[in-house]
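I want to look up the charged pairs and the greasy surface spots, and jot down what turns up.

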Amino acid sequence: MVKVTGLETLAEIIESNNRIEKAEREIKKMRIAELVAEGVDKENAKVMVQSFIDCGL
């Protein structure tokens, strides 16, 4: 029984991480789109957003 519970917990953690990663990708896309809408070149916007993420902003 303990092994099954451990596997269930592991599965829940993986599913949670997948949801978090998906949300982070969506936020990144939205930030890029906002910058592009403001007139920033798309490639520059991608670099800017990744820099903000790397810096924790």
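First, my exposure scale: buried means under 20% relative accessible area, exposed means over 50%, and partly exposed is in between (1.4 Å probe, protein chains only). On that scale lysine 46 is partly exposed, because its relative accessible area is 36%.

Housekeeping before I go on. I'm working on a predicted model, where local features need pLDDT of at least 70, side-chain atom pairs count only at pLDDT 80 or more, and totals for chains, interfaces and linings use all residues. Residues are numbered from 1 along each chain as its sequence is written, and side-chain values use heavy atoms, with hydrogens and water left out.

**Salt bridges**

How many salt bridges does a search of the whole structure find? I got three, taking a salt bridge as a side-chain nitrogen of Lys or Arg within 4 Å of a carboxyl oxygen of Asp or Glu. Side chains of opposite charge can pair when their charged atoms come close.

Lysine 46 has glutamate 43 as its partner, with 3.6 Å between the closest N and O atoms. The two are about one helical turn apart, because they sit three residues apart in helix α2 (residues 42–55). I take helices as DSSP runs (H or I, at least four residues; strands would be E, at least two), numbered from the N terminus. Glutamate 43 comes out partly exposed at 48% relative accessibility.

Next I checked glutamate 26 and lysine 29, whose side chains meet in a salt bridge at 3.8 Å, N to O. They are three residues apart in helix α1, so about one helical turn separates them. Lysine 29 counts as exposed at 53%, while glutamate 26 is partly exposed at 37%.

Then I logged glutamate 15 with arginine 19, closest N and O atoms 3.9 Å apart. Both lie in helix α1, four residues apart, again about one turn of the helix. Glutamate 15 is partly exposed, with a relative accessible area of 40%.

**Nonpolar surface**

Which residues form a nonpolar patch on the surface? I found Leu7, Leu10 and Ile14, with about 290 Å² of accessible area together. Patch rule: residues with over 30% relative accessible area and no salt bridge, like charges joined within 9 Å, nonpolar side chains (Val, Leu, Ile, Met, Phe, Trp, Tyr) within 5 Å. Areas are Shrake-Rupley with a 1.4 Å probe, and for residues only the protein chains shown count as cover.

Leucine 7 is in helix α1 (residues 2–37) and counts as exposed at 57% relative accessibility. Isoleucine 13 is also found in helix α1, partly exposed at 45%.

Last entry: I took isoleucine 13 to lysine 29, C-alpha to C-alpha, and got 24 Å in space for 16 residues in sequence.
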